[in-house]
Amino acid sequence: MTVTTKVSKISPLDPTAAEPFYRQIYRRFRGAIASGLLKPGDRIPSARALTKELGLARGTIEAAYSLLSAEGYIQARGQAGTVVTPDLEPRMPVAIPVPKSDSSIAAPSFRPDSILPFQMGLPALDMFPRKIWARLGARCVRAMQPSDLIHPSVYGLPALRAEIAAYLRVSRGIDCSPSQIFVTSGYRHTIALIGHALLKAGDRVWLENPGYPPTREMLAHMNIAAVSVPVDREGMVVSDGIRLAPRARAAVVTPAHQSPLCVSLSLPRRLALLDWATRNNAWLIEDDYDGEYRYVSRPLPALKSLDRDGRVLYSGTFSKVLLPSLRLAYLVVPETQVERFEQITQVFAAGSSERTQAIVTAFITEGHFARHIQRMRKLYAARRKATAAGLESVLGKHLRIDSQPGGMHLILRLQGRRSDRRLVARMRQEGLYAEALTDWTKGADGASALLLSFTNVSSQRTAENLGRRILRLI
């Protein structure tokens with residue numbers, strides 16, 4: 001039996017499991033070695049080959065291989081490849097029960113380490129300007145000085161904070177100084193800083209319903225009560241929020257493209273929200289995760305641009321416009337709160353990679369960032385149209401696709417009484433990504449729909465082929 005045949009006999013990965021993919025790979029190889037299926041000296045697939053075979057990110061495979069190597073199960077032999085450690089005396093590991101997942105219901109994951117068709121949260125990876133990025137990265141490394149080798153500023157690279165301030169002034173209508181900007185490692189880090197700085201246990205916070213589930217989870221860990229406020233075609237229904245919790249301490253909103261329904265918060269609602277916050281000394285947390293991508297008109301100004309009383313905290317990210325792997329985001333705080341956030345950041349922030357920040361700074365300074373967003377806006381408009389047309393031609397009898405002004409995903413409303421969660425589970429088992437709208441909805445009366453990203457669907461034909469795979473599962 002060849003090694004390739006042996007590896008193929010290892011049990012497949014479970015996309016619905018709570019255990020990360022790299023741990024599943026590690027556990028399967030360790031079990032194959034312990035059981036004798038893979039013997040000492042056997043060559044195992046390269047990280048590149050296994051990446052292609054499994055359709056995962058190469059970093060996921062390398063993380064599994066690094067763990068196996070660190071524990072002595074495998075050895076890298078240069079051009080000879082990677083082999084099971086010779087003279088290894090495998091012992092069957094102590095059986096550790098792995099939490100079983102309900103195979104009929106997909107466990108939602110909002111930071112998957114895979115690259116699957118329709119995967120949410122990923123920009124167009126095939127169109128990222130890697131050559132420009134590599135050139136800027138090499139230049140930044142060559143220019144390193146001893147002062148660049150110490151601990152980075154926990155507030156963020158000063159040059160990057162200045163570039164973000166200039167960009168927001170032009171693109172989002174936000175007038176702020178660099179000192180008001182705090183660079184973070186992502187949205188969760190941003191929310192954690194706000195929670196430590198401005199909120200306390202027992203506070204109540206308005207959340208959109210449906211809305212981004214991790215926000216509710218993070219607030220729960222801080223013992224902050226989430227108040228679910230309905231969303232309609234004009235965004236968050238502010239009057240309902242006032243009725244449900246008039247003295248709430250804050251509200252988290254996605255005004256540009258409501259997450260996940262993609263509707264825009266209307267001007268009357270924006271003004272009502274600002275008025276409520278001012279009168280009640282409450283905070284508005286504006287999550288502008290993909291506001292650059294609007295296709296029916298120019299991007300709308302941010303809610304923060306209307307803030308005259310210093311009640312809005314603006315959260316932005318580079319994950320959607322550049323790459324999630326950068327782990328770079330930013331928070332704009334009111335001028336009166338700069339000192340408070342400096343104190344909290346000193347305690348809770350570790351600082352992001354200065355090299356990565358330097359590359360992003362150069363990318364913005366030299367005009368690549370603005371050009372990249374313009375290209376992506378045109379590309380996404382075309383891919384959204386092609387993906388919707390392709391899916392509709394195949395699945396039109398079974399679902400309806402919402403018409404949206406912007407965003408990076410489609411909403412497919414299921415006809416009849418089909419369960420979106422069960423269909424998502426089947427899709428994950430077949431190597432297709434989707435998220436269920438009911439997982440984003442608090443309460444039992446949520447509509448059944450699929451959330452599918454179109455950013456990496458290259459053509460209408462590709463969408464049709466993927467639609468046929470979904471059709472077989474309906």
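In the predicted model, the largest nonpolar core holds 63 residues, of which F318 and L322 touch the most other members. Helix α13, spanning residues 368-395, gives the most to this core, with nine residues. When neighbours within four places in sequence are left aside, F318 is in contact with L160, I164, L323, L326, L328, A329, Y330, V360, I364 and F369. Another core, of 26 residues, lies apart from the largest one and includes I194, V205, V252 and V333.

The strands β4, β11, β10, β9, β8, β5, β6 and β7 form, in that order, an open sheet of eight strands with mixed pairing. The edges of the sheet are taken by β4 (181-184) and β7 (235-236); each has a single partner strand, so one side of each is left without a neighbour in the sheet. In general, the strands of a sheet pair through backbone hydrogen bonds, either parallel or antiparallel. The pairing of β9 (residues 283-287) with β10 (residues 312-317) is in the parallel sense, over four bridges. Within β10, L313 stands opposite I285. Helix α6, made up of residues 158-171, lies across β4, β10 and β11 and runs at about 115° to β4.

The loop between β11 (329-332) and α11 (338-348) contains Q337. The relative accessible area of Q337 is 15%; because buried means under 20%, Q337 counts as buried. Not counting residues up to four places away in sequence, Q337 touches L198 and W283.

How values were computed:
Residues are numbered from 1 along each chain as its sequence is written. This is a predicted model: local features need pLDDT of at least 70, side-chain atom pairs count only at pLDDT 80 or more; totals for chains, interfaces and linings use all residues. Side-chain values use heavy atoms; hydrogens and water are left out. A nonpolar core is a set of buried Ala, Val, Leu, Ile, Met, Phe, Trp, Tyr and Cys residues joined through side-chain atoms within 4.5 Å. Buried means under 20% relative accessible area, exposed over 50%, partly exposed in between (1.4 Å probe, protein chains only). Helices (H or I, at least four residues) and strands (E, at least two) are DSSP runs, numbered from the N terminus. Contact means heavy atoms within 4.5 Å. Two strands pair if DSSP finds at least two bridges between them. Axes are lines fitted to C-alpha atoms, for helices over the stretch in contact, and angles run from 0 to 180 degrees between N-to-C directions.
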